[in-house]
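Welcome, and let us take a slow walk through this protein together. Please have the sequence and the 3D view at hand as you read.

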Amino acid sequence: MKTHSRIVIVGGGIMGVGLLYHLAEEGCADVMLIEKGELTSGSTWHAAGQCPSLVGNYNMAKIHHHGNTLYPKLEELTGQYVSWHASGGIRLGRTKEDLDWFRWMRGIANNVGFRMQIIGPDEIRSIDPLINTDGVIAGAWTLDDGHADPTGLTNGMARGAKNMGATIVRHNRVTDIKALPSGEWEVSTEKGTVTAEIVVNAAGCFARRVAQWVGTDLPMCNMEHHYVVTGPVAEYVGRDKEMPVIRDPHASCYIRQEQDCAVIGIYEHVGMTQAWAPRGFPNWDSDSELFPEDLERLMPWLGRAMERVPGLENAGIKRVFNGAISHSADGPPLLGPVAGVKNFWMCCGSSFGIAQGAGAGKYLAQWMLHGDSEINMTGYDPRRFGGYANDDYMLAKGFQDYGLTYITPLPGEEFPAGRPSRTSPLYDKLCQQGCVHTETFGWERPKWFSLDGREEEYSFRRNNVFEVIRDECMAVRQRVGLLDLSGFAKYDINGPDAGDFLNRICANRMPTKVGGIVLTHILSENGRIKGEITVTRLGDDHYYALSAAAAETRDLDHLVQGKLDAENVDIINITDDRGVLVLAGPRSREVLAKLTDSSLESDSFRWLTGKEITVAGVSLRALRVNYVGELGWELHPPMADLEAVYDALWQAGEEFGMVNFGLYAVNSLRIEKAYRGWGDELTNEVTMLDSDMERFIKFDKGDFVGREATLKQRGKGPTTRLVYFDLDAGESDVRGSEPVYDGDTVVGVTTSGGYGHFVQKSLGFAYVPPEYAGPGTRLEVELLGERCMATVRQDPVYDPQNKCLKA
Ligand SMILES: Cc1cc2nc3c(=O)[nH]c(=O)nc-3n(C[C@H](O)[C@H](O)[C@H](O)COP(=O)(O)OP(=O)(O)OC[C@H]3O[C@@H](n4cnc5c(N)ncnc54)[C@H](O)[C@@H]3O)c2cc1C
């Protein structure tokens with residue numbers, strides 16, 4: 001065995017091998033995959049092999065689509081038989097929400113490039129005459145997906161990787177991984193030691209155990225999952241065309257033809273599922289292991305499956321597979337670097353690894369080798385979780401995620417597992433005031449306030465909370481509103497080199513005067529956007545950085561890993577130490593003035609400045625900045641004083657008609673101001689020039705990470721461009737991922753949007769080629785199957801001169 005390899009991958013399931021193949025294809029052949037048994041002897045060998053195109057997410061659809069494009073030609077590329085069956089699939093829909101989801105997904109299909117049609121019950125039966133369509137109103141027919149032999153696919157990619165120079169070592173368990181003083185890794189195995197620059201954890205259900213060798217943990221758990229194989233189905237015998245795979249949410253199952261028999265896989269709902277080695281560790285000896293079958297658990301669902309395809313009833317059950325399947329806390333796999341551990345990557349946590357193995361490998365390989373992936377990896381980055389994701393949280397979420405596999409994902413729908421995990425001291429008080437919370441990075445954050453007890457009727461269209469959000473928005477624009485955003489990530493950055501350090505790793509210039517605030521971005525060497533932080537200079541050597549709640553681990557990692565050993569800087573995560581109250585609206589100054597002796601007038605407290613003041617007897621950090629585009633302050637008291645400050649503000653605000661508001665309203669208010677969002681408009685896919693953020697770069701301040709690449713791009717001009725638009729929408733608004741058309745050609749994709757309640761316009765952002773970016777350009781956006789005319793705008797529709805902010 002070689003003793004050195006640039007990259008070592010631990011684990012030879014489809015995820016590890018998919019990565020190996022794509023690393024080699026991207027030009028890195030100095031990579032060694034080590035597998036303790038045979039390739040595929042973890043979860044992969046027993047998988048049912050389905051590769052669906054229909055997944056509820058634009059970037060994940062791209063991951064699946066890459067597999068469905070590569071797998072059919074893998075045999076030709078490598079000579080390995082993979083048994084690709086281009087069966088297509090039909091997902092059945094029973095409700096108008098299912099149908100809207102199909103419409104939304106068809107927009108994604110048009111963008112990503114796979115074929116999808118929405119068909120009625122008659123057409124479903126004409127394609128698959130065995131289906132009973134009772135209760136079905138539509139089907140999502142995806143024509144480019146199929147199924148294959150998972151072992152064949154894995155061996156095909158393994159053979160391809162070897163042909164390109166990669167190394168595979170089988171029957172060799174990795175027993176430990178240690179950091180060397182050189183910064184490299186020492187990978188101990190049963191057959192000797194390998195030194196590697198980079199290690200990737202692709203150990204499937206064992207990944208948590210491997211992660212713990214390098215002092216980290218993984219938010220995933222291993223579930224059991226069954227499928228049964230029936231005896232011959234009379235109606236399948238003698239057919240010359242294979243049936244599409246049927247996915248039925250009512251039976252929570254997939255049904256597919258396997259020669260003359262059927263495979264029925266069940267995702268039994270929450271409460272009946274079982275975990276394998278729940279949060280403990282599977283035994284290393286586990287190899288090609290199946291668990292005892294538990295048909296009783298499946299029976300209610302199998303019954304429904306047989307009602308759906310009555311021909312299955314007489315086929316009998318020939319074999320039952322019950323195998324292990326890993327689940328992350330929120331569903332998608334863990335693809336990316338590990339916080340605080342240099343050169344250690346994750347490629348695990350996939351519950352649809354057969355469908356995802358190739359695509360996950362492709363985009364992760366790009367990230368590892370070139371610094372960025374061409375798709376938005378925000379939702380797969382393992383740093384999307386933090387320390388709050390403990391054993392109880394993980395188990396609850398893993399079970400929930402398993403049970404939700406066939407549930408139509410509705411916008412805004414809240415699920416209870418693992419909640420509340422992180423709360424501010426105001427949580428109970430706000431609940432009593434009707435607050436409906438949503439969860440971000442474990443935090444419960446106000447979403448909207450139900451003042452009359454109504455519950456949201458989740459929908460892809462404007463729903464019964466539309467007018468409630470309008471009232472919250474109007475109150476902020478016309479009077480004053482209060483919002484608990486304590487989940488904001490907060491870091492104190494101190495030390496003699498703090499300013500130089502931040503200027504080196506951020507694109508904007510740090511405030512030259514104490515009290516100044518800047519919005520700035522952390523870029524990759526390629527100039528792509530990694531993070532967005534707001535920095536306030538609180539002292540000569542003291543900076544206070546704020547970031548999105550969801551970016552707490554990520555931006556801390558960007559800061560810590562970006563620091564050079566020689567730089568004398570302390571970076572401290574103080575997220576839990578301080579609360580945040582957003583006080584915003586034209587009357588906010590009058591409210592705050594009742595509680596502080598500090599002058600709040602613009603000549604002494606300018607927009608984009610911050611300082612320590614006393615409010616209601618509490619010394620706090622007050623920043624004159626907000627994301628809703630109004631006169632206002634963010635107040636950051638010690639967490640222990642948050643409630644006292646809130647109570648005082650609430651009392652002081654009464655005479656001005658103050659309201660609580662939530663994140664639904666924030667989205668409406670920020671889109672009126674054309675404020676971009678990290679993770680949506682600002683992602684690893686794009687640069688500051690692409691996203692029209694050049695005003696936040698200071699090229700003249702000296703070198704900073706990403707400067708050279710940005711300058712180079714400036715010379716050439718961007719190839720994509722963010723546009724802000726209003727559109728003639730009907731009863732739904734842009735959510736992101738909708739296709740943008742010029743005539744019949746898809747020319748772009750929306751990133752986010754919403755209804756601007758104050759300006760009474762439907763608004764959104766999209767990336768399009770630069771020739772479509774001129775103000776006044778007319779484009780069409782497809783919303784739930786309907787084309788809506790959009791007009792590119794030059795300026796924010798609300799207060800383009802920032803008069804309100806500066807008032
Ligand atoms: C019954 C069933 C049906 C399924 N059907 C489908 C389907 O139709 N479509 C789909 O997309 N997904 C399906 N899945 C899910 C799919 O099987 C998994 O998502 C996928 O196999 C995960 O691949 P992996 O490479 O991450 O893990 P694994 O296949 O488990 O690979 C991890 C590998 O790492 C090795 N390893 C671990 N520790 C070490 C170590 N210390 N040293 C060396 N090697 C190590 C293991 O031996 C193993 O081979 C199904 C799952 C089940 C249980």
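In what follows, Ala, Val, Leu, Ile, Met, Phe, Trp, Tyr, Cys and Pro count as nonpolar, Asp, Glu, Lys and Arg as charged, and the others, Gly among them, as polar. The model is predicted, so local features need pLDDT of at least 70 and side-chain atom pairs count only at pLDDT 80 or more, while totals for chains, interfaces and linings use all residues. Residues are numbered from 1 along each chain as its sequence is written, and side-chain values use heavy atoms, with hydrogens and water left out.

Let us begin with empty space. Rolling a probe the size of a water molecule over the atoms shows where such space is left. On a 1 Å grid over the protein atoms alone, a pocket is an open set of points where a 1.4 Å probe fits, with protein on both sides within 12 Å along at least five of seven lines; lining residues have an atom within 4 Å of a point. Points are joined across faces, edges and corners, and a volume is the space filled by probe spheres set on them.

The second largest pocket holds about 940 Å³ of space. It is lined by 38 residues, and Trp367, Gly371, Arg383, Lys530 and His558 are the closest to its centre. By type, the lining residues are 17 nonpolar, ten polar and eleven charged. Among the elements that give two or more residues to this lining are helix H8 (353-370), strand E24 (517-523), strand E25 (529-539) and helix H13 (552-562). Helices (H or I, at least four residues) and strands (E, at least two) are DSSP runs, numbered from the N terminus.

Two of those strands lead us to a sheet. Two strands pair if DSSP finds at least two bridges between them. E24 and E25 belong to an open, antiparallel sheet of five strands in the order E24-E25-E26-E23-E27. Its edge strands, pairing on one side only, are E24 and strand E27 (570-573). Strand E26 (residues 542-547) is joined to E25 by five bridges, and Thr536 has Tyr544 in E26 as its bridge partner.

How do the axes of helix H2 (residues 58-78) and H8 cross? They come within 7 Å and cross at roughly 105 degrees. H2 and H8 are therefore roughly perpendicular to each other, a term for angles of 65 to 115 degrees. Residues of H2 including Met60, His64 and Tyr71 meet residues of H8 including Ile354, Gly359 and Tyr363. The contact is made by nine nonpolar, six polar and two charged residues.

Another open sheet has six strands with mixed pairing, in the order E29-E30-E31-E28-E22-E32. Strand E22 (residues 481-484) and E32 run parallel, joined by two bridges, with Gly481 partnered by Val659.

Finally, two backbone details. The peptide bond from Arg419 to Pro420 is cis, and Pro420 sits in the loop between helix H9 (391-403) and helix H10 (427-432). Ser252 has a positive phi of about 50 degrees although it is not a glycine.

Notes. Axes fitted to C-alpha atoms, helices over the stretch in contact; angles between N-to-C directions. Parallel < 35°, antiparallel > 145°, perpendicular 65-115°, else oblique. Contact = heavy atoms within 4.5 Å.
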